[in-house]
Amino acid sequence: MSQTDVRMDGSAETRADREATPGSAGRRRERLVPQSSPADSYYGRPVLNEPPWHAPDIAGYLFLGGLAGASSALAAAAELTGRPTLARVSKVGALGALGGSLYCLIHDLGRPERFLNMLRVFKVTSPMSVGTWILTAYGPQAGCAAATDLSGRFPGLGRAAGVGAAVTGAGVATYTAALISDTAVPAWHDGYRELPFLFAGSAAAAAGGLGLLAAPLDEAGPARRLALLGAAVECVAATRMERRLGPVGEPLRRSVLMRLGEALSLAGALAGASMGRRSRVAAMAAGAALLAGSACTRFGVFRAGIESANDPKYTVQPQRRRLAKARAELT
Amino acid sequence: MAFDLDHSLAEQPTDGHRRVGFFTDTSICIGCKACEVACKEWNDVPEDGLDFTGMSYDNTVGLSADTWRHVAFIEQRRPLGHQEPGVGEMDFRWLMASDVCKHCTHAACLDVCPTGSLFRTEYGTVVVQEDVCNGCGYCVPACPFGVIGKRETTGVAAKCTMCYDRLPAGEQPACAKTCPTDSIQFGDLDELRERADRRLAQVREAGMTSARLYGHDPDDGVGGTGAFFLLLDEPEVYGLPPDPVVTTKDLPSMWRHVGVAAVALLAGVAAAAWGRTGSGTTGPRGRIR
Ligand code: SF4
């Protein structure tokens, strides 16, 4: 049998090849083997590669996309219930947020000029591909809804586009949860059950905030109620997620931005529903707080995910536990 | 279910080729880094930083867009079989392992790629088409092994191609060709798996009881890998995830949750506009119902 051991006698008859068996020759002096648990990582280096996404672009997009989608839904509801000003500000706000979204998305690409390559394929396994197509359906309708409202022309077409934008907008506001969950990033992946609701709530709060900020008091009722509902859903979803994730939820629980987001959303929603019903200034302040709260939540989720990807323990330990559990079930 | 992951490989046109792979037998790796060099040379992979890390002999650190083979060095105060290390009154062993893209059976990078730039070749490998990739970077956090990266200089994703350009000529990949100890073995994947089983038994019998195969099991979370390993310690010691699962395994459930949330959002908006929830006032004109 061939060996790889260094030989003092210099004999080289036994050639080391792929059958060489390390540690097979020689005699080890007896000594104690320290019982140490295996290292958690390779020199503390992350197992995963960090997402190359820039926070202002991608977390910004999570916020703006949510604001756009939910605002379109609010706009359609306002229009159908005879609140033209709320409808108009929501439509214009949605279009502006959509513009910002597209800017963020394209700006974050390594090759922005190849943006349209996204439209080569449709892949249900890629939330980014699905999202691109949702945006492709949503964008023109949101644009048409805002343009017809501002110009006052083709009201029938505008109404149809508004309803279309509301339906696709709900997709825009929530698919981003699948977008970040469909990764190996522990905090994002494991939170896939609650994230869609967290994002829907946060989007609703933001859209309600925009309505409070820009619509007159007598039309802002739906915005106030939507903000309250959204902020409540956002907080409940975040709390549930942080509890359920256990150790992997640590970066989320630690996130100052997420706590700030919740506080701003709740404060904004409550202020909007109380003082905001009488005072225009209070309503505007509440609206601004809601928008800021939604943005903080999105940046908080984004940052917490990056943190969970960069620390190998969030990757290794849950997998080890999973393996141990599977082994225990086998025996 | 909207899609069936199990079909992803079986449906691939193979042009009569068998699936190929790497078997990296780390027990005979000598840490020469010839694979790193050969890979850089053949694939024209740019420089990835010249840093002194203090991590044993490893200054390459890990796989990335600009590192497609990475030799890990691990120093441990534990015995290697029954070898006498001869470094005084302590045990010592030096583990080395050349890491590479796993060319997963269920490859998350490929699944999430929104442009179709990442594709499955006729050899069963996973390759980036540089001229299609628009640099969205989605594949980077999708990969459960931290392999693929986005190259700063070109803005597009890059990783090991298993030397896609050498295979048609009947050549093996540059790293396997250059490996002086045959630690990196290239070939027909089924054959490599059999060889690995035999090798594992041999190494264990020789006293390396901690030896194990990594990535050879077609029933693991990524459906088995095209590049698999014989390791002498736990995977995480080498910087490998102990139980990687392709993220798209949960995607059907993710989409269901998104669907429910989207409908709930619309219902919430409707309730806010038409209902009497919350503070329930105003909306003076034209309230329907
Ligand atoms: S190891 Fe990562 S980059 Fe390689 S095929 Fe698997 S998912 Fe893709």
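Colleague: Which residues does Ala176(B) touch, not counting residues up to four places away in sequence?

Modeller: A contact means heavy atoms within 4.5 Å. By that rule, Ala176(B) touches Phe22(B), Ile184(B) and Phe186(B), leaving aside residues up to four places away in sequence. Before we go on, this is a predicted model, where local features need pLDDT of at least 70, side-chain atom pairs count only at pLDDT 80 or more, and totals for chains, interfaces and linings use all residues. Residues are numbered from 1 along each chain as its sequence is written, chains are lettered from A and ligands numbered from 1 in the order in which they are written, and side-chain values use heavy atoms, with hydrogens and water left out.

Colleague: How many residues apart along the chain are Ala176(B) and Phe22(B)?

Modeller: They are 154 residues apart, yet their C-alpha atoms are separated by 8.0 Å.

Colleague: Is Ala176(B) buried or exposed?

Modeller: Buried means under 20% relative accessible area, exposed over 50%, and partly exposed in between (1.4 Å probe, protein chains only). Ala176(B) counts as buried because its relative accessibility is 3%. As for its place, Ala176(B) sits in helix α5 (residues 174-178) of chain B.

Colleague: And chain A, how many helices and strands does it have?

Modeller: Helices (H or I, at least four residues) and strands (E, at least two) are DSSP runs, numbered from the N terminus. Chain A has 11 helices and 0 strands.

Colleague: What radius of gyration does chain A have?

Modeller: The radius is taken over C-alpha atoms, and the globule rule is 2.2 Å times the number of residues to the power 0.38. For 331 residues, a compact globule would come out near 20 Å, but chain A has 27 Å. Along the principal axes, its C-alpha atoms fill a box of roughly 95 × 45 × 35 Å. Of the 331 residues in chain A, 56% count as buried.

Colleague: Which residues touch the most other members of the largest nonpolar core?

Modeller: Such a core is a set of buried Ala, Val, Leu, Ile, Met, Phe, Trp, Tyr and Cys residues joined through side-chain atoms within 4.5 Å. This one has 130 residues, and Tyr138(A), Leu118(B), Leu232(B) and Tyr238(B) touch the most other members. Helix α1 (residues 55-80) of chain A gives the most to this core, with 8 residues. A second, separate core has 25 residues, including Ala200(A) and Ala261(B).

Colleague: What does Tyr138(A) touch?

Modeller: Not counting residues up to four places away in sequence, its contacts include Ala68(A), Ser72(A), Leu98(A) and Val172(A).
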